[in-house]
Amino acid sequence: MSGRHEKEKGVNVQVLLRCRPFSEEELRNNAPQVVKCNEYQREVAVSQNIAGKHFDRVFTFDKVFGPSAQQKDLYEQAVVPIVNEVLEGFNCTIFAYGQTGTGKTYTMEGECKRAKTGPNGELPAEAGVIPRAVQQIFDTLEGQNAEYSVKVTFLELYNEEITDLLAPEEISKVALEDKQKKQLPLMEDGKGGVLVRGLEEEIVTSASEIFTLLERGSAKRRTAETLLNKQSSRSHSLFSITIHIKEATPEGEELIKCGKLNLVDLAGSENISRSGARDGRAREAGEINKSLLTLGRVINALVEHLGHIPYRDSKLTRLLRDSLGGRTKTCIIATVSPAVHCLEETLSTLDYAHRAKNIKNKPEVNQKMMKSTLIKDLYGEIERLKGEVYAAREKNGVYIPKERYYQEESERKAMAEQIEQMGVLLETHQKQLQELQDKYVAQVRQCSDLSGKLEMTEKNLNETVKLLSNSEEELKKCRYELEEKEFIICEQKKAENALAHQACVLRSDLEKALKDNASLFLKIGREDKLNSDNRVVVNNFQVELAQQIGSLCNLVASSVSQQN
C-alpha cells in the first residue's frame, strides 16, 4: 500500500554535487577558493563579498563530492544503485550539468581504455561513470548466467542538430564532415516519449566492444579550445545502453525484461567574454546556452508546477523529457569550480541543481515482454530489412539522383522544422489562449466575488442603519431614564439632608436627656444614701427606745413591787 502511494506521489530527482580541484594555471595564479564542500553533512558553502560584507550561501544536496573525491568513490556511492535498478527493468538517466571546464566529460567518460597492465583487465582509476557502468552491467549479467542482449546508441546534439556518432563511415565522395555528421530527425513515439529515427543500434557482447564504440564516438564529438578549457565539448552527447534479459516464470513461460540506461554529457554553459569565443565558436556557445537556458526553464516549470512545460523549445529538453518529470529515475551530477573567477556560473549551477531536487518523477518498471512477441517483432523487422535489401539489389524501388535526394532531404528537414515551429507556435497560441481563458475565468470569478461582496456590504449597511436607529431610540430612552434617575437622586439627596438635620436635632435632644438622666441618677443615689442613713438612725433609735422601755418597765416593776 505504501509502495503504491509512493509511486503515485513520485520520487524526487537525485542531485549530486562535485567540485573539481584547482587547475595548474589557477594554482600558479593563487586563485582564491570560494567553494567549500562538507561531504558528511552533504553541504556546499559559497563565500561571497557584497558591499564589503562577507557571508556564505549554503546549499544541501543528496551527496557532495569535494576536490579530493575519486572517480571510484562517486561511482560506488551514487551510480551503483542506479545501474542495479536498470538491471531490474527500470529506465534510468544520469547526466552531468555545469559550467564549461568543471569536469563533466571527465566525470562521465574519464579514461575509457582498459588498463594495459591489469591482470584482469580492470579499469584505470581515472575511468568515469560510463565505462564503470558498462563494466558493472556485464559483470552482473555474466554472474547471473542468464541469456541477455545489450544494445548501445551514441548520438550528438550540436547546434540543435542530431547526428549519430556510431554511424558507419561509408566510402563516398561526400565530405568527411557530412559523412560523420549525418543529421537525424527527432520523432514522437506516440507514448509521450521521443525517438531518433535512423539511429544506429550496435549489439555488443562484452565491455571491451562498448569501450571501442565509446572511443570511436567520442573521437567524432566536436571539441574546441577556449580560455576556460583546452578541450571544451561543443555539443551534448547521449550514450544509451538497452538491456534485454530472459527470465523464466514458474509456469515455464519465458519473459524478456528490459532496462535502459541513458548517460548524458551536456556541453558546459559559458560566458563568451571569459571563454574568448569568436564567430563560429560564439554561435556554438549561444546555441549551448540557449538549450541549457531552456533546460533551466523546464526545471523551473516542473518545480513550480506550471501548467505548460516548455519541452518543445529545444531538442535537448525533448530528449530529456522522460527524465524530467516522466517515468525515468534520474540522477543529476552538478559540477562546479572552486575558483573565484567562476563564482557567478558556480552560483547559477548550484541554484539550478538545488531547484532540480524538487522535481518529482514517477518511475515505472518496464513491462516484461513474452519471448514469442519479441521474436515476432524481430521477424517483422528482418522482413522489412530484407525487402529493402531486395529492392536495392533488384533496383525495384524508388531511385533518384544523389543531388535530388540531398535536396529533398534538405526540403524535408526544412518542412519538418517548419512543422515543428508551427507546432511550437500552435502550442504557444494555445498556451496564450489558455492563459486568456484563465484570466477571463479569474475576472468573472473576481467580478462575481465583488458582486457578492457588494451585496453583502449593502446588506450589512442596511442592518447597520437599522441597528443605528435602534441604538438612537435606546439612547433616547437611556437619556430619559438617566434624567429621571438624576431627579430621583437629587430628591433623595434633599430628603437625606433633611433627615440628617433632624438626626442632628434628635442627637442634641438625646445628649440633653442623657445629661438629665445622669443628674437624676445622682439625685437618686443621694436619696438612697440619705434613706440608708435614716434607716440606721431609726434602727439605733428603736434599739435605744427598746432599752429605755425595758429599763422603764423594770423600774415600774420594781416600783410596783416596792409599792406592794
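The entries below go from the whole chain down to single residues.

**Entry 1: the whole chain**

I began by noting that this is a predicted model. I then looked up the secondary structure of the protein chain and found 13 helices and 20 strands. Of the 564 residues, 33% are buried. I also checked how far contacts reach along the sequence: among those between residues at least 6 apart, 67% join residues at least 24 apart.

**Entry 2: helix 3 against helix 5**

Two packed helices are described by the angle between their axes and the distance between the axes. I looked up both values for helix 3 (residues 71–87) and helix 5 (residues 129–144): the angle is about 50°, and the axes are 10 Å apart. That angle makes helix 3 oblique to helix 5. The crossing of helix 3 past helix 5 is right-handed.

Next I asked myself which residues of helix 3 and helix 5 make the contact. From helix 3 I wrote down Gln-71, Lys-72, Leu-74, Tyr-75, Val-79, Val-80, Val-83, Asn-84 and Leu-87. From helix 5 come Val-129, Arg-132, Ala-133, Gln-136, Ile-137, Thr-140 and Leu-141.

**Entry 3: aromatic pairs**

I counted three aromatic pairs and kept notes on two of them. In the pair of Phe-138 and Tyr-148, the ring centres are 6.3 Å apart and the planes stand at 70°, so I logged the pair as edge-to-face; the cut-off for that label is over 60 degrees. Phe-138 belongs to helix 5 and Tyr-148 to strand 8 (residues 148–158), so this pair ties together parts that are ten residues apart in sequence.

Are these two residues buried or exposed? Phe-138 is buried, at a relative accessible area of 2%, while Tyr-148 is partly exposed at 27%.

Phe-154 and Phe-239 form another edge-to-face pair, with 5.2 Å centre to centre and 90° between the planes. Phe-154 sits in strand 8 and Phe-239 in strand 16 (residues 236–248), so here the parts tied together are 85 residues apart in sequence. I found both Phe-154 and Phe-239 buried.

**Entry 4: positive phi**

Most residues other than glycine have a negative phi, and I wanted to note residues that go the other way. Asn-30 has a positive phi of about 50° and is not a glycine. I located Asn-30 in the loop between helix 2 (24–28) and strand 3 (35–38). With a relative accessible area of 65%, Asn-30 is exposed.

Arg-42 also went into the notebook, with a positive phi near 55° in a residue other than glycine. Arg-42 lies in the loop between strand 3 and strand 4 (43–50). Its relative accessible area is 41%, so I recorded Arg-42 as partly exposed.

My last stop was Leu-343, which lies in helix 11 (residues 343–356). Leu-343 has a relative accessible area of 18%; the cut-off for buried is under 20%, so Leu-343 counts as buried.

Which residues does Leu-343 contact, leaving aside its neighbours within four places in sequence? I listed Val-34, Val-46, Ser-47 and Gln-48.

How values were computed: Residues numbered from 1 in each chain as written. Predicted model: local features only at pLDDT ≥ 70, side-chain atom pairs only at ≥ 80, totals over all residues. Heavy atoms only, no water. Axes fitted to C-alpha atoms, helices over the stretch in contact; angles between N-to-C directions. Helix = DSSP H or I, 4+ residues; strand = E, 2+ residues; numbered from the N terminus. Parallel < 35°, antiparallel > 145°, perpendicular 65-115°, else oblique. Left-handed = near helix turned anticlockwise from the far one by under 90°. Contact = heavy atoms within 4.5 Å. Phe/Tyr/Trp six-rings, centres within 6.5 Å; stacked < 30°, edge-to-face > 60°. Buried < 20%, exposed > 50% of the residue type's maximum accessible area, 1.4 Å probe, protein only.
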